[in-house]
Structures are given as C-alpha cells and as structure tokens.
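Here is a short note for someone opening this structure for the first time. Please read it with the model on screen.

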Amino acid sequence: FTAAGVLIERGPRQMLEVQLGVEDWIAPSAEGVKLPPLLPESLGRARLAGQIMDSKCFFGVMRPSRGKTHKACASLCIRGGIPPSFWARGADGREAVLLMTDARGAALGEDILPFVADPVEAEGELVRVGDLVQFRADASAYRRL
C-alpha cells in the first residue's frame, strides 16, 4: 500500500495525519500485497490511573502534550475526531500510552471531554490489535482522582 499525509513521530511510534475528506489517501501497491487481518487479543481487565490526551499532539505535534496547559488544545482535537489516548505511569515509573475506545472497541464520543487532561482512573479491558494496545472503557467508567 501507499499512503499520503503528514508523518507524526514520537519515539518508536508513528502516526499518519490525512486530510479530512480526501478519499484517495491510501491505495494498493502495484504488487497487490494484501495485509493480514489484525485480530484483537484480550490482555485482560485492568484498573488504570493517568491522563486522557489527544494522540496527535502526544505523538509530536505539540508540547507539552499533557497536563492542564494542554487541556483546551486536547479537547479541541478530540472534538474534531483525533483519537484520545490514555497516558498512564506504573508504580515502577514505566509509562504506557494506550489508544482509548469505548467498551466495544468503537470511537469514544464527546462525553469523554470533561475528563481530558485531568488525573483520572477507570477500569476497562486491555486489547492488543497489531502492535497497539487499546484501553476499552466507556466514558461513564472514568472518575477524577
């Protein structure tokens, strides 16, 4: 496949920003290679504490990309369709950034916006899809810390 857009990077992760309304941003390659299906793999349930942020800015478009100074920007990006991410830090200091979905794996709606950039916790399911891990929890599962 070939794809056109703006490459956004942070560490080993990359994201491709494509223009809204452009339908031909991705096309099969001349070789006709087919990608294998990405099957979801449940990693179990977890209670996580952290912050909700927009994935575009966290991946490198803006800094600081998390915290109160980023709340307005993150809310605007998520309202515009950028997928929210959940940034969590374990007791051992390791960080994880998880793609957020609702409990069924679908996009979260605007009901998550009141929690953006605030310390929160939620219980949900961790699901690996390819090399990404999703945190699946409905907006009603989140509470401020």
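1. Start with Asp54. Leaving aside residues up to four places away in sequence, Asp54 touches His70, Ala74, Cys77, Ile78, Ile82, Pro83 and Pro84. Contact here means heavy atoms within 4.5 Å. Asp54 sits in strand E5. Its relative accessible area is 0%, so Asp54 is buried. The classes are buried (under 20% relative accessible area), exposed (over 50%) and partly exposed (in between), with a 1.4 Å probe and protein chains only. Strands (E, at least two residues) and helices (H or I, at least four) are DSSP runs, numbered from the N terminus.

2. A word on the basis. This is a predicted model, where local features need pLDDT of at least 70 and side-chain atom pairs count only at pLDDT 80 or more, while totals for chains, interfaces and linings use all residues. Residues are numbered from 1 along each chain as its sequence is written, and side-chain values use heavy atoms, with hydrogens and water left out.

3. Which strands pair with E5? E5 and E8 run antiparallel and are joined by 10 bridges. Ala49 has Glu121 in E8 as its bridge partner. E5 also pairs with E6, again antiparallel, over 5 bridges. There, Asp54 is bridged to Pro84 in E6. Strands count as paired if DSSP finds at least two bridges between them.

4. Next, the core. The largest nonpolar core holds 23 residues, and Ile52, Phe86, Ile112, Phe135 and Tyr142 have the most contacts inside it. At least two core residues come from each of strand E5 (41-54), helix H2 (71-79), strand E6 (84-89), strand E7 (95-101), strand E8 (119-129) and strand E9 (132-136). Such a core is a set of buried Ala, Val, Leu, Ile, Met, Phe, Trp, Tyr and Cys residues joined through side-chain atoms within 4.5 Å.

5. Look at Tyr142 in particular. Beyond residues up to four places away in sequence, Tyr142 touches Ile52, Phe86, Met100, Ile112, Phe115, Val120, Glu121, Ala122, Phe135 and Ala137.

6. Now the charges. The structure holds 11 salt bridges. Each is a side-chain nitrogen of Lys or Arg within 4 Å of a carboxyl oxygen of Asp or Glu. Arg47 and Glu123 form one of them, at 3.3 Å from N to O. Arg47 lies in strand E5 and Glu123 in strand E8, so this pair ties together parts 76 residues apart in sequence. Glu123 is partly exposed, at 34% relative accessibility. A network of salt bridges links Arg45, Arg47, Glu121, Glu123 and Arg143.

7. Two further pairs deserve a look. Arg89 and Glu95 meet at 2.7 Å, N to O, in a salt bridge. Arg89 is partly exposed at 48% relative accessibility, and Glu95 is partly exposed at 42%. Arg104 forms a salt bridge with Asp102, with the closest N and O atoms 3.0 Å apart. Is Asp102 buried or exposed? Asp102 is buried, with 8% relative accessible area, whereas Arg104 is exposed at 65%.

8. Finally, the surface. Phe1, Leu7, Leu16, Val18, Val22, Trp25, Ile26 and Leu35 make up a nonpolar patch with about 680 Å² of accessible area together. A patch takes residues with over 30% relative accessible area and no salt bridge, joining nonpolar side chains (Val, Leu, Ile, Met, Phe, Trp, Tyr) within 5 Å and like charges within 9 Å. Areas come from the Shrake-Rupley method with a 1.4 Å probe; for residues, only the protein chains shown count as cover. Leu16 is in strand E3 (residues 13-17) and is partly exposed, at 34% relative accessibility.
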